[in-house]
Amino acid sequence: GINAEYGKQWYQRRVRGYYLFVMEVVKLEPFLPGAGPTFADYSEQLEFYFESVDLDVGSVFSSDPDYAAKVERLKSKRRAVLLSNCGPKCFEVLKSLAAPTSVKELSLEELIELGVAHFDGAGNPVEGRYKFCCRKRGENERFAWFHAELKELAKQCNFGRTLEERLRDQIVCGVEDEEVVARLLANKSLSYEEAVEMCSGVGSEFVGTLNLQNREMTVIPEDVYKLNDPELLKRVVGESGDLKWWETEPIAKLYLCSNKISTITVAIAGLSSLTLLDLRDNSIESLPDEMCKLEVLLRLELSHNKLKTLPGVMPPALQHLSLNNN
């Protein structure tokens, strides 16, 4: 009897110590109204916290003879975790919202419902849409940040089933690079996912750009035609080149001006993602018919060469062609 009682007390102390240790390591931050995540997001984070400290109701087996009692104890602890960690301001608000009922008499789910209704609220969808539509991508702002904030602003807009369509439209409107905009608009059935994919690589001056101008080159290295392969690009540019090779995917702008290039091979078709190709001030006499396979090429600079003819079919999206001094 004495040994059994001692063992039980020792076990309880060990369990209590374990919970104190876990709760110290896996700390739950207080909820800050208006200065952080929504209360709905906070309550979602709370569920992960419960799982980390073994307060998940699902951990109790329904076959346990004390199932009902254990579930009630767990629910009581879960409510206590929210009320003891949400912070003084949030706690006072929840007490006021629950009055005249004590917060002890409400379930965790009821407290969360009160918190979401008060702190998140429906808001003004007109104001929300105004802020959403005014949000443009800043200069040199990474697309991931712009995209994340758009999705956050959209929460107050009540877009419903048109959410992805609205996000797609605002992504297109938020892009300031005219060449990227042209590529987006060239797709008449552009989806939200496609818009995100096309813009994800656009975030700095050098992304998708290779500058090989004024290098005294007489031919274009074969590896340049395979620029979408990072390992090959590394060998072309090198560690000390003008370009961080790992940022060029996909290649969109290629500058080869002021060299001594005389031939463009059929391998140019491999650069199907090009939007700008600058070949000014070379010795090019002809272009291959495969130029028509550069389906998103918008700008082609060919001034100051030795061209006599052009391919019968030019790139379909071409908007600017410079042929001065040929």
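## Aromatic pairs

In this predicted model, a search of the whole structure turns up three aromatic pairs. In one of them, the ring centres of F31 and Y42 lie 5.5 Å apart and the planes meet at 55°, so this pair is tilted. F31 sits in the loop between α1 (2-25) and α2, whereas Y42 belongs to helix α2, so the pair ties together parts that are eleven residues apart in sequence. Both F31 and Y42 are buried.

The rings of F39 and Y42 also pair, with centres 6.1 Å apart and planes at 35°, so this pair is tilted. F39 and Y42 are three residues apart in helix α2, which means that about one helical turn separates them. F39 has a relative accessible area of 1%, which makes it buried, and Y42, at 2% relative accessibility, counts as buried. Taken together, F31, F39 and Y42 form one aromatic cluster.

Helix α2 covers residues 39-52, and at 1.5 Å a residue its 14 residues should span 20 Å; the C-alpha atoms at its ends are 20 Å apart, which agrees. Which residues of α2 are buried? They are F39, Y42, S43, L46, Y49 and F50. These residues cover an arc of only 105° around the axis, which puts them on the same side of α2.

The face of α2 that is turned away from this buried side carries the exposed residues F48 and E51. Just after the helix, D54 takes a positive phi of about 60°.

## Nonpolar cores

The largest nonpolar core has 26 residues, and those touching the most other members are F39, Y42, L46, F50, V81, L82 and C90. Helices α2, α3 (67-85), α4 (88-98) and α5 (108-120) each supply at least two residues of this core. Apart from this core lies another one, of 24 residues, with L210, I264, L297 and L302 among them. In soluble globular proteins, nonpolar side chains tend to be buried together.

Leaving aside residues up to four places away in sequence, F50 touches L55, D56, R78, V81 and L108.

## Loops and backbone geometry

A cis peptide bond, with omega at about 5°, joins A99 and P100, and P100 lies in the loop between α4 and α5. D281 has a positive phi of about 55° although it is not a glycine; this residue lies in the loop between β3 and β4 (299-301) and is partly exposed, with a relative accessible area of 40%. N325, likewise not a glycine, has a positive phi of about 60°; N325 is found in the segment after β5 (320-322) and is exposed, its relative accessible area being 53%. As background, most residues other than glycine have a negative phi, and most peptide bonds are trans.

S273 is found in the loop between β2 (253-255) and β3 (276-278), and with a relative accessible area of 11% this residue is buried. S273 and A252 are 21 residues apart in sequence, while their C-alpha atoms are 5.6 Å apart in space.

## The whole chain and its confidence

The protein chain contains eleven helices and five strands, and buried residues make up 34% of its 326 residues. Among the contacts in the chain with a separation of 6 or more, 48% are between residues 24 or more positions apart.

The mean pLDDT of the chain is 79, and 80% of its residues reach 70 or more. Over residues 20-25 the pLDDT stays under 50, and for this stretch the model has four contacts beyond four places in sequence. Over residues 202-207 the pLDDT is also below 50, and here the model shows 13 contacts beyond near neighbours in sequence. Where pLDDT is low, the predicted coordinates should not be read in detail.

Technical notes
Residues are numbered from 1 along each chain as its sequence is written. Side-chain values use heavy atoms; hydrogens and water are left out. Helices (H or I, at least four residues) and strands (E, at least two) are DSSP runs, numbered from the N terminus. The expected span of a helix is 1.5 Å times one less than its number of residues. Buried means under 20% relative accessible area, exposed over 50%, partly exposed in between (1.4 Å probe, protein chains only). The arc is that of the directions from the helix axis to the C-beta atoms. Rings of Phe, Tyr and Trp (its six-membered ring) pair if their centres lie within 6.5 Å; planes under 30 degrees apart count as stacked, over 60 as edge-to-face and the rest as tilted. pLDDT is the predictor's confidence in each residue, from 0 to 100. Contact means heavy atoms within 4.5 Å. A nonpolar core is a set of buried Ala, Val, Leu, Ile, Met, Phe, Trp, Tyr and Cys residues joined through side-chain atoms within 4.5 Å.
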